[in-house]
Amino acid sequence: MSPSPLEERDQRTLLGQVLVELGYITIYQLDEALRIHLAEFKKEAKPLGQVVLELGYCSPNQLIRAIQVQSDYRKAAAHSRGDL
């Protein structure tokens with residue numbers, strides 16, 4: 001049995017995707033932030049959200065909202081699976 005679209009979204013909904021979907025950053029800004037995140041991850045594990053903030057690509061309030069949306073996606077998917 002294949003997963004529902006909501007379950008698929010839960011499995012692949014990443015913060016960067018949410019930031020782009022909300023229009024807070026561009027796909028090009030996400031690409032740059034991910035490159036920096038992955039390069040610095042080996043030295044010091046900075047979350048992607050922190051990298052995006054340090055680059056000035058979004059505001060703290062936008063980041064908080066994106067995290068809330070990401071959480072809502074995951075809760076909805078868990079609820080649809082009966083995990084809650």
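User: Where is K46 found?
Analyst: K46 is in the loop between α3 (27-41) and α4 (48-54). Helices here are DSSP runs of H or I with at least four residues, strands are runs of E with at least two, and both are numbered from the N terminus.

User: Is this an experiment or a prediction?
Analyst: This is a predicted model, in which local features need pLDDT of at least 70, side-chain atom pairs count only at pLDDT 80 or more, and totals for chains, interfaces and linings use all residues. Residues are numbered from 1 along each chain as its sequence is written, and side-chain values use heavy atoms, with hydrogens and water left out.

User: Back to K46. Buried or exposed?
Analyst: K46 counts as buried because its relative accessibility is 13%. Buried means under 20% relative accessible area, exposed means over 50%, and partly exposed is in between, with a 1.4 Å probe and protein chains only.

User: What does K46 touch?
Analyst: Not counting residues up to four places away in sequence, K46 touches H37, E40, V51 and E54. A contact here means heavy atoms within 4.5 Å.

User: Which of those does K46 form a salt bridge with?
Analyst: That is E54, and the closest N and O atoms are 2.8 Å apart. A salt bridge is a side-chain nitrogen of Lys or Arg within 4 Å of a carboxyl oxygen of Asp or Glu. E54 itself counts as partly exposed, because its relative accessibility is 48%.

User: How many salt bridges are there by this rule?
Analyst: The count comes to three. R35 takes part in a bridge with D31 (3.6 Å, N to O) and in one with E32 (2.5 Å, N to O). Through shared partners, D31, E32 and R35 are joined into one network.

User: Where do R35 and D31 lie?
Analyst: Both are in helix α3, four residues apart, about one turn of the helix. E32 and R35 are also both in helix α3, three residues apart.

User: New topic. How many helices and strands does the chain have?
Analyst: It has five helices and zero strands. Of the 84 residues in the chain, 27% are buried.

User: What about the largest nonpolar core?
Analyst: It has 13 residues, and L19, I25, V52 and C58 have the most contacts inside it. Each of α2 (15-21), α3, α4 and α5 (60-81) supplies at least two residues of this core. The rule for a nonpolar core takes buried Ala, Val, Leu, Ile, Met, Phe, Trp, Tyr and Cys residues joined through side-chain atoms within 4.5 Å.

User: And what does L19 touch?
Analyst: Leaving out residues up to four places away in sequence, L19 touches Y24, I25, V52, C58, Q62 and A66.

User: What about Q70?
Analyst: Q70 is in helix α5. Q70 counts as buried because its relative accessibility is 12%. Beyond its neighbours within four places in sequence, Q70 is in contact with T13, L14, L15 and V18.
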